[in-house]
Amino acid sequence: MNLKQELQQLNDKLDKFRRKLAAAEQRGDDVIIAQFKREIAAVTKQIGSVKGQQTRLLNKQGSDIKGLSFHRALTKDEQADMGKLKKSVKGLVVIHPMTAIGREMGLKEVTGYAPAKF
């Protein structure tokens, strides 16, 4: 299971536990309330761990891409015919600023990274 799916499952569990906690509070069931508070704390801790893993993974990918020797912003014409550009440039990696890795790298425009000048 990848990190995104795991995070989604944990968020679903957290939502379910919160709904059950609210129902237990309406009934006034102290034992169940304490149990769900422990469960919520545990799932919240797991969510933080998975988000930390995602951040480390994105940082690693970003540093690998930044390690390529050449980068520049792509023109609108190049973006329109991306297939032609990728065929002409060996090892080209295109990063869009709205993707997770693009946001992590702090990009403002579509940028191409390659081992050689293009």
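H1 is followed by Gly28, whose phi is positive, near 85°. The model is a predicted one, so local features need pLDDT of at least 70 and side-chain atom pairs count only at pLDDT 80 or more, while totals for chains, interfaces and linings use all residues. Residues are numbered from 1 along each chain as its sequence is written, and side-chain values use heavy atoms, leaving out hydrogens and water. Helices (H or I, at least four residues) and strands (E, at least two) are DSSP runs, numbered from the N terminus.

- The expected span is 1.5 Å times one less than the number of residues.
- Asn2 caps the N-terminal end of H1, with a side-chain oxygen 3.3 Å from the backbone nitrogen of Lys4.
- Leu7, Leu10, Leu14, Phe17, Leu21 and Ala24 are the buried residues in H1, where buried means under 20% relative accessible area, exposed over 50% and partly exposed in between (1.4 Å probe, protein chains only).
- Helix H2 (30–66) is part of what covers those H1 residues, going by contact, meaning heavy atoms within 4.5 Å.
- H2 has 37 residues and reaches 54 Å from first C-alpha to last, close to the 54 Å expected.
- In H2, the buried set is Ile33, Phe36, Ile40, Val43, Ile47, Val50, Gly62 and Ile65. Their cover includes H1, strand S2 (93–95), helix H5 (100–105) and S3.

- The contact takes 9 residues from domain 1 and 9 residues from domain 2.
- The interface has 0 salt bridges but 3 residue pairs in polar contact, both residues at pLDDT 80 or more.
- A polar contact is a pair of N or O atoms within 3.5 Å; within protein, one must be able to donate a hydrogen and the other to accept it, and residues adjacent in sequence count only if both atoms are side-chain atoms.

**Salt bridges**

- The structure holds 3 salt bridges, each a side-chain nitrogen of Lys or Arg within 4 Å of a carboxyl oxygen of Asp or Glu.
- Arg19 and Asp15 pair up at 3.5 Å, N to O; they are 4 residues apart in H1, so about one helical turn separates them. Arg19 is exposed at 53%, and Asp15 is partly exposed at 41%.
- Lys60 and Asp64 also meet at 3.5 Å, again 4 residues and about one helical turn apart, here in H2.
- Arg72 bridges to Glu78, with the closest N and O atoms 2.6 Å apart. Arg72 counts as partly exposed at 22% relative accessibility.

**Two buried polar residues**

- Glu78, in helix H3 (residues 76–80), is buried at 18%. A polar atom of the Glu78 side chain lies 3.0 Å from the backbone nitrogen of Thr75.
- Thr111, in strand S3 (residues 111–114), counts as buried at 7% relative accessibility. A polar atom of its side chain lies 2.9 Å from the backbone oxygen of Glu109.
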